[in-house]
Amino acid sequence: MKTWVFSTESDGEAAGSALEALTKARDFGGELGAVLVGEGSEAALAQLGAHGATTVLHAADNTSSGVIAAGVAAAVEAEQPDLLIFGMGNLDRDVAGRLSARLGKPILANAVDITEDGGTWRVASEILGGSTMVVTEFAGGSPAIVITRPKVFAAEPSGGGTPTVTAMDTPDIGHADAVEVLSQHAETSEGPDLEAAAIVVSGGRGMGDEARFGALNELAGILGGAVGATRAVVDAGWVPYSLQVGQTGKTVKPDLYVACGISGAMQHLVGMKDSTTIISINKDPEAPIFGISDLGIVGDVHTVVPALVEALKARG
Ligand SMILES: Cc1cc2nc3c(=O)[nH]c(=O)nc-3n(C[C@H](O)[C@H](O)[C@H](O)COP(=O)(O)OP(=O)(O)OC[C@H]3O[C@@H](n4cnc5c(N)ncnc54)[C@H](O)[C@@H]3O)c2cc1C
């Protein structure tokens with residue numbers, strides 16, 4: 001068995017999705033490798049090695065997705081991996097799609113689990129807001145190409161050493177490479193990282209307007225948590241897209257998720273329903289968010305949130 005995992009690199013760190021996928025891929029045994037696009041820093045390589053990769057195929061930062069896909073396709077043809085795992089990052093999905101076309105192999109996306117039985121790969125994915133699980137089997141031969149959802153596997157190092165690094169051949173792909181990466185921008189934010197925070201305080205359209213949405217910063221600050229938002233709030237321009245939780249935003253899995261004035265549309269739920277404890281505040285007792293909440297407060301956010309802030313301040 002041979003599994004390769006795709007990773008980007010940011011500030012000397014391998015992608016969290018790759019470390020999660022490597023941890024999962026250790027279940028399948030055999031050889032584990034990574035494709036790393038980025039600087040190729042010692043720290044990132046050490047992380048990939050610590051999570052099980054013994055080989056790394058490295059492409060420099062700013063290599064276009066078309067060239068990366070062509071380079072990976074050539075390596076796949078030479079080395080015949082059985083399974084390729086990508087995350088949900090933009091480059092991951094861009095390369096995976098191009099690779100699928102080059103190799104003539106299907107992709108299964110949104111995976112929440114991957115299993116193997118006698119050489120047959122199966123992928124579990126959730127539909128209808130996570131209420132129904134679908135298991136799909138690859139019938140197209142190797143390699144199986146899978147895109148996994150964030151945080152479905154926990155990243156755990158296995159104590160592996162530094163992997164062997166090979167520079168990726170970057171073939172000339174002609175007009176298909178008529179794209180140049182001019183710059184990359186990492187959005188900076190104050191407070192804990194939304195995807196890693198143990199507590200997330202999220203707001204929806206029920207917060208009323210941009211100014212009143214700001215009340216959530218105070219609550220999150222007191223709790224030591226991060227602020228999240230629904231797409232309705234992002235579309236209204238109250239907060240940047242980087243705070244959006246849901247199907248087309250971030251997936252979070254905190255110990256505590258506080259949903260304020262959020263209806264509970266399935267596109268929002270898929271991004272937060274696996275939180276350990278969910279507390280919701282909504283003035284509509286029939287709001288769907290209450291269906292997945294551990295504790296529901298039926299009330300006006302403009303009354304309940306300030307009262308919560310005062311109570312927490314009083315406790316010191
Ligand atoms: C392809 C696609 C992808 C999408 N991706 C995402 C995504 O990633 N993330 C996401 O969030 N959405 C996403 N959406 C949008 C989603 O369908 C919903 O429209 C959105 O989540 C609704 O946001 P909301 O809960 O803030 O607003 P609403 O649905 O308008 O709900 C507002 C809630 O606030 C309550 N409320 C109002 N006033 C108060 C008050 N004073 N006190 C207490 N409660 C109050 C109301 O009762 C209501 O339940 C997507 C949609 C599509 C079609």
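1. Two strands are taken to pair if DSSP finds at least two bridges between them. Helices (H or I, at least four residues) and strands (E, at least two) are DSSP runs, numbered from the N terminus. On that basis, Ser280 has Gly296 of β15 as its bridge partner. β14 and β15 are parallel and share four bridges.

2. Some ground rules. This is a predicted model, in which local features need pLDDT of at least 70 and side-chain atom pairs count only at pLDDT 80 or more, while totals for chains, interfaces and linings use all residues. Residue numbers start from 1 along each chain, as its sequence is written.

3. Domains. The chain is assigned a domain 1 (2–177) and a domain 2 (199–314); such bounds come from an automatic or database domain assignment. Taken over C-alpha atoms, the centres of domain 1 and domain 2 are 33 Å apart. Six residues from domain 1 and six residues from domain 2 make the contact, where contact requires C-beta atoms, placed from the backbone, to lie within 7 Å. The side of domain 1 that touches domain 2 consists of two nonpolar, two polar and two charged residues. In this classification Ala, Val, Leu, Ile, Met, Phe, Trp, Tyr, Cys and Pro count as nonpolar, Asp, Glu, Lys and Arg as charged, and the others, Gly among them, as polar.

4. The open sheet. Five strands with parallel pairing make up an open sheet, in the order β12-β11-β13-β14-β15. β12 (226–229) and β15 (295–298) are the edge strands; each has a single partner strand, so one side of each has no neighbour in the sheet. From one strand to the next the twist averages 15°. Helix α6 (residues 215–223) lies across β11 (199–203), β12 and β13 (256–260), and runs at about 170° to β11. For such angles, axes are lines fitted to C-alpha atoms, for helices over the stretch in contact, and values run from 0 to 180 degrees between N-to-C directions.

5. The ligand shell. There are 28 residues around the ligand, and Gly204, Gly206, Arg231, Gly246 and Ser263 come nearest. A residue is near a molecule if its C-beta atom, placed from the backbone, lies within 6 Å of it. Two or more shell residues come from each of α7 (231–235), α8 (266–269), β14 (277–282) and α9 (301–314). The largest share, three residues, belongs to α7. By class, the shell holds eight nonpolar, 15 polar and five charged residues.

6. Helix α2. In α2 (residues 42–50), the buried residues are Ala44, Leu45, Gln47, Leu48, Gly49 and Ala50. Buried means that 20 or more other C-beta atoms, placed from the backbone, lie within 10 Å of a residue's own; 12 or fewer is exposed, and in between is partly exposed. These buried residues pack against β1 (2–10), β2 (13–14), α1 (16–25), β3 (31–37), β4 (55–59) and β10 (164–167).

7. Backbone points to check by eye. Ser142 and Pro143 are joined by a cis peptide bond, with omega about -5°; Pro143 is in the loop between β8 (132–137) and β9 (144–148). Gln80 is not a glycine, yet its phi is positive, about 55°. Gln80 sits in the loop between α3 (65–79) and β5 (83–86), and counts as exposed because it has 10 C-beta neighbours inside 10 Å. Asn110, also a residue other than glycine, has a positive phi near 60°. Asn110 is in strand β6 (residues 107–117) and, with 18 C-beta neighbours inside 10 Å, counts as partly exposed.

How values were computed. Contact = placed C-beta atoms within 7 Å.
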